[in-house]
Amino acid sequence: MSMFSNLTDKLESAFRTLRGHGKITEINIAETMREVRRALLDADVNYKVAKSFCDTVKEKALGQDILINVEPGKLMVKICYDELIALMGGTKVEINFAPNPPTVILMSGLQGSGKTTFSGKLANFLKTKRSKKPLLVACDVYRPAAIDQLKTLGEQIGIEVYAEENLKDAVGIAQRGVEYGKSKGYDTIIIDTAGRLAVDEEMMNEIAAIKKAVNPNEILFVVDAMTGQDAVNTAQAFNQILDFHGVVLTKLDGDTRGGAALSIKAVVNKPIKYIGIGEKMDAIDEFYPDRMASRILGMGDIVKFVQKVQEQYDEKEAKRLQQKLRKNEFNFEDFMSQLQQIKKMGSIKDLIGMLPGINRALKDVEIDENAFRHIEAIINSMTIKERRNPEIINGSRRRRIAQGSGTSVQQVNQLMKQFDEMRKMMKTMMKLNSAGRSFKGLPFGKK
Amino acid sequence: MRVASVIKDMGLFDIFKKKNKEEVQKEQESQLEAGLTKTKQGFFSKISRAIVGKSTVDDEVLDNLEEILVSSDVGVETTLKIIKRIQDRVKRDKYVSTSELNNILREEIAALMMENKTEDVHDFVIPAHVKKPYIILVVGVNGVGKTTTIGKLALQFKLNGNSVLLGAGDTFRAAAVDQLKIWAERVEVPIVDLGMNVEPSTVAYKTVEKGLEMGVDVIIIDTAGRLQTKKGLMEELSKIRRTIQKFGDKIQPDIPHEVLLVLDASTGQNAIQQATAFTEATQVSAIALTKLDGTAKGGIVIGISDQFKIPVKYIGVGEKVTDLQVFNRMKFVNALFKDADVVS
Ligand SMILES: Nc1nc2c(ncn2[C@@H]2O[C@H](COP(=O)(O)OP(=O)(O)O)[C@@H](O)[C@H]2O)c(=O)[nH]1
Ligand SMILES: Nc1nc2c(ncn2[C@@H]2O[C@H](COP(=O)(O)OP(=O)(O)O)[C@@H](O)[C@H]2O)c(=O)[nH]1
Ligand SMILES: [Mg+2]
Ligand SMILES: [Mg+2]
C-alpha cells in the first residue's frame, strides 16, 4: 500500500507543479537543467559541450506544452534525450569503400584504446558480413609483442597479417603492406598502428607520413569509451593531423556512461561508425545514437516512460475517454482498453505511477500482475451488453460471470465496486482540474 | 624522444645504475615536472583566465574555478567540495583577492589530498612489515598499462638491489605472455610463463612457488585486463588472491602484500567505479596512475585521493622503462602550482 501513497504524493506534486504552468518556463526547468548538466558531467561529457548543450535544450524547451500526465522535469529529460540523438545521430555512415579496390583503412588513437583488437574485429566483420577479402598490416613497431598480438588475432579469424618483424620503419611497412595486398588480390587492407599521444610530435608526424604514403579511403579514430574530459583535445589533435573519417568507441561493454561520444561528435563532427563491446573478435556493433543518449543521460527510465506515454496515447483516444467520463459513460470496454494499454507499456508496477487517473482510482486495490489477470478474466466473461452497460449486471449475472471467469462472486462484486468508485473518482478529478485550467485530455492526454 | 629499441633501453639502464640516489631523485623530479607540464599549463592558463580582470574571489571566479576543476577530471563531487572549502574561506576571511587564489587552491587541494590518511612512499622499496618475497598482484581494466607498469616496476626494484620474479598471469589477451616476456628480457628478470589459456590462478600459484624456491625478494604477477562489471572475471581475480593466500603460512598471512590497481590518467569518472569494484573483489591496496604524460588533466588523482583511502603510489609518465615514479602528494601539488606565481 505504501507504494501507492508514495506515488500519489509524487503525482500530487506533479499536479501542483503543473497548475498554472501549462508550459515549460525558466523557473520550472532550472532545477532539471542543473540535474541534466550534472548527469552529463558525471558521464564525462566535456564541460563546455555540456554547457552549450544545456543552453540549446533550454531554448528549445521554453514554451513547450507540458504533457498532462508527465512532470515537466521528466519531459525536459526527454527533450534532452531527443536532442542528444539528433546531435550524435544524423545519417548512418558506413566505411568508405574504394571505387577501385583495394580499400585502405588506417587505424589511429591513443595507447591501449583498442586499435589492434578493433583491427581484428573489423577484418572479421568485413569478411563475414560484407564478403570482403581483408589483409591486416602490422605497423606498431614499438609496443612489445604488438605484432604477435595482431598475428594471433589474424590466426583466430583466418586473416593474413602482413608484418616485417625486425624493421622499425612503420611508414615503409604500411607502404609495402598495401603493395603486397594489391599484388595478392586483397580488396580491403587494414593498417594497425602504434598508440600515440596527441602531444607527441614525432609520433604524430609518423602517422601523418603513413597517411601520405598509403592514401587511405578510411581513417578511423579509435577511442576508449571511458575517456574523460581530455577526449575533446585528443580527438581535435588527431583530427587536425589526419582529418579522420569516423570514430570507433571501444569498451562500451562496461558501465561507463560514455560522454566522450558526445564531446567528440560536438568538436570534430565526425560520425561514430562502430562500437566495441568486448574482447572477442565478434564483439563489434554499429552505433545506435538512441542507446548512447540514454546511457549518457543515465536517466533511461524517465526517457522510456515519457516515450511510452507519448507513444501509447493519442489525443483522440484521450478526448473520447474524457467525453465518456463527463457523460458518465465510462464502461468496462473502456476499462479493458485502458488495461491493455497499460499492459502494452510493460510492468504495471513501473507504470502505475504515471497514470494519474488510474493511480488514484485504484488507490486501495492490491495491484499485482495477477490482480490484473483476474480483472481481465472477469471482464472477458461479461457479454458485450454487460460491458457497455455495467448497471445491468445483477446478482445472477454476477454468479454467471464468476463461474465463467473462474473467480468468486465476491471477486466480481469487488471489481464492480472498485469500478464504480473509479468512475466517480475520475469524474471528480476531472472537475477539480478543469477548474484550475483547461484539461488537455484525460486520463492519458498527449500534448 | 622515444627509445625505439631494446638495446637503447638497456644502454639507458647502465647509465642509470651508475647514478647515485640523489641524482636519480633529481632526475625523477624534473621528469615529474616535465610529465606534468601539460597538466600545469592546462591548470594555470585556465586559472589566470578565471581571474582576469577580477580583484576579489566572487561567484563568477568560483564558477570559473568549477569549470577548471571539472574540466581536469576532478569530478563533480570533489570539485564541489573544493569550491565549498574556498567559499567557506572567503566567508571567513571576508576579503580574498584573486592573487591569493592560487595559494588558497593549492592549500585546499593539498589538504584534501592529505586528509586521505595514507602514507606516501619515497622510493621503490619493500615496506618494512613485509616478510619476503614481497608479492604484488597487478589488476585493472583493459589497456591501462598493467604489463608496462610491471616491466617498469621490476626495473626499479632491481635498481634498488632486489631480485625480482614476474608471473605471466594474463593468459587471455592475444600475445600478452609474449609482451611480458619481452619486458622480462629488457629488465633482465626471470619470468614464470605457462603459456596462453592456462588458469591464471595456476600461474599465480606456480609463480609464488617458484619465487620461494629461488628465494627472490619481489614477485610481481600480471593479470588480464577486465572491465569491473564482468562478474565472472572479477571472481577470477578473487580466486587468484585466494590461491596466493595458500602460501600464507609459508610467507605471511596477509598476502599478496600489495594489490596494485592500475588506472589510466585519461579515464574519466569511470575510474571511481573501477576503484570501487576492484577493491571489492581483491582488496586493492595501492594505485598506479599511468599515461600522465598524455593528459592535461590528471585531476583524477585529486578525485581518487578524495574518495578513496587507497594511496596513489606510482605514476607512469611515458612508455620507456624508466618512465615510472613513486607518487608523492606534496610534490604533486607543488609541481602543479610551481609556476603559479609567474601567472598571477
Ligand atoms: N572489454 C573490452 N575490452 C576491449 C575492447 N576493445 C579492446 N579491448 C581490450 O583493451 C586492451 C587494449 O586493446 P588493444 O587492441 O591492445 O589496444 P591498442 O593498444 O590500441 O592496440 C586489450 O586488453 C583488449 O582486449 C572492448 O570493446 N571491450
Ligand atoms: N604514454 C604512455 N603510455 C603508456 C604508459 N603506460 C603504458 N602505456 C602504453 O599503454 C598501452 C597499453 O599498455 P599495457 O601495459 O599493454 O596495458 P595492459 O593491457 O593494462 O597490460 C601500451 O601501448 C603501453 O605502451 C604511460 O605511462 N604513458
Ligand atoms: Mg595495438
Ligand atoms: Mg597486459
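Reply: A residue is near a molecule if one of its heavy atoms lies within 4 Å of it. The residues surrounding ligand 2 come from chains A and B, so the site is shared between chains.

A word on the basis. This is a predicted model, in which local features need pLDDT of at least 70 and side-chain atom pairs count only at pLDDT 80 or more, while totals for chains, interfaces and linings use all residues; side-chain values use heavy atoms, with hydrogens and water left out. Residues are numbered from 1 along each chain as its sequence is written, chains are lettered from A, and ligands are numbered from 1 in the order in which they are written.

Now the contacts of ligand 2. A polar contact here is a pair of N or O atoms within 3.5 Å. Chain A reaches in with A:R143: an N or O atom of its side chain is 3.0 Å from an oxygen atom of ligand 2. B:G316 takes part through its backbone, where a polar atom is 3.3 Å from an oxygen atom of ligand 2. How much of the ligand does the protein bury? Taken alone, ligand 2 exposes 580 Å², and the protein buries 96% of that. (Accessible areas come from the Shrake-Rupley method with a 1.4 Å probe.)

A:R143 leads on to ligand 1. A polar atom of its side chain lies 2.7 Å from an oxygen atom of ligand 1. Ligand 1 lies between chains A and B. It is surrounded by 20 residues, and A:K115, A:T116, A:T117, A:R143 and A:E279 are the closest. A:K115 places a polar side-chain atom 2.6 Å from an oxygen atom of this ligand. The backbone of A:G114 has an N or O atom 2.8 Å from an oxygen atom of ligand 1. On its own, ligand 1 has 570 Å² of accessible area, and the protein covers 97% of it. Helix α5 of chain A, residues 115-129, gives the most to the shell, with 4 residues. The shell around ligand 1 has 3 nonpolar, 10 polar and 7 charged residues.

Next, helix packing. In chain B, α4 (residues 59-71) packs on α5 at about 150°, with the axes 10 Å apart. (Axes are lines fitted to C-alpha atoms over the stretch in contact, and angles run from 0 to 180 degrees between N-to-C directions.) α4(B) and α5(B) are therefore roughly antiparallel. (Under 35 degrees counts as roughly parallel, over 145 as roughly antiparallel, 65 to 115 as roughly perpendicular, the rest as oblique.) Helix α5 of chain B (residues 76-93) also crosses α6 (residues 101-115) of chain B, at roughly 125°, and their axes come within 10 Å. α5(B) and α6(B) are therefore oblique to each other.

In chain A, α7 (residues 170-183) and α8 (residues 201-214) pack at about 25°, with axes 9 Å apart. α7(A) and α8(A) are therefore roughly parallel.

Last, the loops. B:K132 and B:P133 are joined by a cis peptide bond, with omega about 0°. B:P133 sits in the loop between α6 and β1 (134-139) of chain B. In chain A, a cis peptide bond joins A:P101 and A:P102, with omega about 10°. A:P102 is in the loop between α4 (72-88) and β1 (103-109) of chain A. B:N197, a residue other than glycine, has a positive phi near 65°. B:N197 is placed in the loop between β3 (191-192) and α9 (200-214) of chain B.

Definitions and conventions: Polar contact = N/O pair within 3.5 Å; in protein donor to acceptor, adjacent residues only side chain to side chain. Helix = DSSP H or I, 4+ residues; strand = E, 2+ residues; numbered from the N terminus. Nonpolar A, V, L, I, M, F, W, Y, C, P; charged D, E, K, R; others polar.
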